[in-house]
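Hi,

Here is the structure I promised to pass on.

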Amino acid sequence: MSELSRSERARYARHLVLPEVGPEGQQRLRAGRVLVVGAGGLGSPAALYLAAAGVGRIGIADGDQVELSNLQRQILHTDADVGRSKTASARAALQARNPLVEVEELGRLDAATVADAVERFDVVVDGSDNFTARYLLNDACVRAGRPYVFGAVHRFQGQVAVFGLAGGPCYRCLHPEPPPPGLVASCAEAGVLGVLPGVIGSLQAAEALKLLLGLGEPLSGRMLIFDALAAGFDEIALARDPRCPACGDAPRPEARVVPLEACAPPPPLSVHELRRRLAGDSPPALVDVRTPGEHALGHLPGSRSIPLDELEARLEELRAGGALVVYCQSGVRSARAAALLRSAGLASVSDLAGGYLAWQAAGPAATP
Ligand SMILES: [Zn+2]
């Protein structure tokens, strides 16, 4: 690797004084290649910080044009960019930020192009907002052995995790199959606080930089959930599933389904958010989808027990009521339960991130 130039030494001075980075780390960043998928709310801060930090090659994949309604959060683009392709707008913004980095424009990735794109980069940062991209990227990253830095935002909450590292889970370990088409709310209908993707996209950039530098503890085997209203972070543990169709002990490519274009479902509720809703005017009904034995050992106050394997048969009991929150022990079974209930047409269903364990960990204040 060639020495840093005089202007690089000046530009990256605050990196160079960090003993953990130094000139060697800066050279690693310069040799690093990060693919940012989506030049939107998450991709904007992620790509801007990666460029500013001196990541040598940044790929930007997006097929859309800049719209006026994007500007509330997509800080790569300005008023003058409305109508322009997002990748062209992003490229100009990143090169204005740091002319030393190379920016490659890629169109919308699909099943035919994703593998080649992922292989040409060291780390993939997912700033997309739909299931199609999420499953395509996850599977391509697993196959190519690339870390997949996941991020998602909804209303006032966001999530970050790193998938696909050795020993850690992939996205399909959590959600083996996409939900049936048509059940998820339109992305356009769900709002998001403008700054929220700024927080989550910046965390994704931090994870990508750590991976390139080989520093710290990556966010693997756990998911960070940020709640802007409560101003708090929750962390939930995630485990690799040996039966996962993508990264399991016996991967089954034929079992990998990539959904048609569909928006992501709302992320699980944090304990803070559930607490707030329970204290509100129309609190949701709580359903414990664990086994009766687990329920008997302790449960959320006022919750009723309907084990996951009975849920389908007992749908009618739930149809009449209003908003529902399902929970389990750690959040895995309840995610399946929520998908099942939404696919059965129940309008307002949420699941609790981290389940009963997270509720207990939040302490006595969590009891309404
Ligand atoms: Zn997996």
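Gly43, Ser44, Pro45, Ala46, Tyr49, Leu50 and Ala53 in helix H4 are in contact with Gly198, Gly201, Ser202, Gln204, Ala205, Ala208 and Leu209 in helix H9 (contact means that the C-beta atoms, placed from the backbone, lie within 7 Å). Keep in mind that this is a predicted model, where local features need pLDDT of at least 70, side-chain atom pairs count only at pLDDT 80 or more, and totals for chains, interfaces and linings use all residues. Residues are numbered from 1 along each chain as its sequence is written. Helices (H or I, at least four residues) and strands (E, at least two) are DSSP runs, numbered from the N terminus.

H4 covers residues 43-53 and H9 residues 196-213; their axes come within 7 Å and cross at roughly 40 degrees. That angle is why H4 counts as oblique to H9 (under 35 degrees is roughly parallel, over 145 roughly antiparallel, 65 to 115 roughly perpendicular, and the rest oblique). Axes here are lines fitted to C-alpha atoms, for helices over the stretch in contact, with angles from 0 to 180 degrees between N-to-C directions.

**A buried strand**

Now find strand E5, residues 148-154: seven of its seven residues are buried, so the strand is largely enclosed by the rest of the structure. Buried means 20 or more other C-beta atoms within 10 Å of a residue's own, exposed means 12 or fewer, and partly exposed is in between, with C-beta atoms placed from the backbone. Which way do the residues of E5 point? Tyr148, Phe150, Ala152 and His154 go one way, while Val149, Gly151 and Val153 go the other. In a regular strand the side chains alternate between the two faces of the sheet.

E5 pairs with E6 (residues 157-163) in the antiparallel sense over seven bridges; strands pair if DSSP finds at least two bridges between them. Val153 has Gly158 in E6 as its bridge partner. Two residues sit between the strands of this hairpin, and Arg155 takes a positive phi near 55 degrees there. E5 also pairs with E4 (residues 123-126), this time in the parallel sense over two bridges, and Val124 stands opposite Tyr148.

Four strands make an open sheet in the order E10-E9-E11-E12, with parallel pairing. E10 (304-305) and E12 (349-351) are the edge strands, each pairing on one side only. E9 (residues 285-288) pairs with E10 over two bridges, and Asp288 has Ser305 in E10 as its bridge partner.

Cheers

Note on methods: Contact = placed C-beta atoms within 7 Å.
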